[in-house]
Every structure is written in structure tokens, then in C-alpha cells.
Amino acid sequence: MSTPAGMDKSSLTPKELVITDLGGQVLQGGYEPSSELKVHLGLYAADSEIGAVVHAHTPYTRVLEGRISSWVTEVSRKFGVVEEWQGVTSVPYQKPGSQELADAIAEKFKKSSDHTLVMGGHGVVAVGISLTQAWHRVETIERLAMMGYKWLVLNHLD
Ligand SMILES: [Zn+2]
């Protein structure tokens, strides 16, 4: 199941979701699936433990993306945050929607125990055994990035 491409995600209804098979063939729904469907399918193919993939364009994570791993670690330690944080990995920018991006992400997750990945110049992908877990991981990295950004700004004001 995928969100449709090019539609405002905040106003979607269940009928607008697109159901595909694991090869990307649309089985149900009147819209094109997400332009990042290849990322989702590549991750499901790479690891049978993955039950859900969430991709989002998270603004604070984008701002800190070049230093996100060190900032997440710093913020986690400084503020004692995050019970099940596994860490974050990243891939450099690749054209959105491309097979190269999907392959780079699948390969990176295969080589890492991390469950969250920053897509350079683009956004975040998180995997989980459930949609709730994957979504929680996206929310967590964005919250940590927001805290890191604010901490950085406030310390530069002194
Ligand atoms: Zn995207």
C-alpha cells in the first residue's frame, strides 16, 4: 500500500491509497503510486523483517543532514532522549524516484543495523515491523534534529 504520487498527504482518504504487488504493479486504486515506490519495494525485497517503510520530507533533518548522526548522538546524550533509538545512516543525493536511489538505500540498510536513513538533499526513510514503528522513527529523528537545531541556534546567540 502506498500513498499516491503528487497529492497532498494531509488530506488523503483511504480510498485514495494505492495497492501494488511487490513488483510495483498497481492492483487497486485510481492513482499512480508514490514516486518513491522503488525505495519501498527495494527495502521489502532486501529484508523480510521489514513490515513498513515511511518516507518524509522532514525540514529540521534536512537542515542538519550533513551532521545529523553526530547531532542526534549529542542531543540524545544531552537531553536523555529516546528509548529505542537505533541510530541513523545516510546516502548522498541521488535523483528522486530513481532506481539508483532505491538501490543505494537498500544496500545501506543491508549493511547497517540502523532503522532510519537520511537521503541527502531530499528527506528521511525509516523502516519498522509496523507502520507505527516506522512512523515513530521518522518522528524521532525529526524531533531530535529540531532539538539539535534549536540548541545550536540558542548557543550561538550567547
Ligand atoms: Zn521524497
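## Contacts along the chain

In this predicted model, 60% of the contacts in the protein chain with a separation of 6 or more are between residues 24 or more positions apart.

## Overall build

The protein chain contains 5 helices and 6 strands. Their order along the sequence is β-β-α-β-α-α-β-α-β-β-α. The radius of gyration is 16 Å, close to the 15 Å that the globule rule gives for 158 residues, so the chain is as compact as a globular protein of that length.

Along its principal axes, the C-alpha trace spans about 55 × 35 × 30 Å. Of the 158 residues, 30% count as buried.

## Helix α5

Helix α5 covers residues 131-157, which is 27 residues. From its first C-alpha to its last it reaches 39 Å, close to the 39 Å expected at 1.5 Å a residue.

The buried residues of α5 are Ala 134, Arg 137, Val 138, Thr 140, Ile 141, Leu 144, Ala 145 and Gly 148. An α-helix has 3.6 residues a turn, so residues three or four places apart point the same way. The buried residues of α5 pack against the strands β3 (52-56), β4 (88-91), β5 (116-119) and β6 (123-128), and against the helices α2 (59-63) and α3 (68-79).

## Arg 143

Arg 143 also lies in helix α5. Is Arg 143 buried or partly exposed? Arg 143 has 16 other C-beta atoms within 10 Å, so it counts as partly exposed; a buried residue would need 20 or more.

Methods
Residues numbered from 1 in each chain as written. Predicted model: local features only at pLDDT ≥ 70, side-chain atom pairs only at ≥ 80, totals over all residues. Helix = DSSP H or I, 4+ residues; strand = E, 2+ residues; numbered from the N terminus. Rg over C-alpha atoms; globule rule 2.2 N^0.38 Å. Buried ≥ 20, exposed ≤ 12 C-beta atoms within 10 Å, placed from the backbone. Contact = placed C-beta atoms within 7 Å. Expected span 1.5 Å × (residues − 1).
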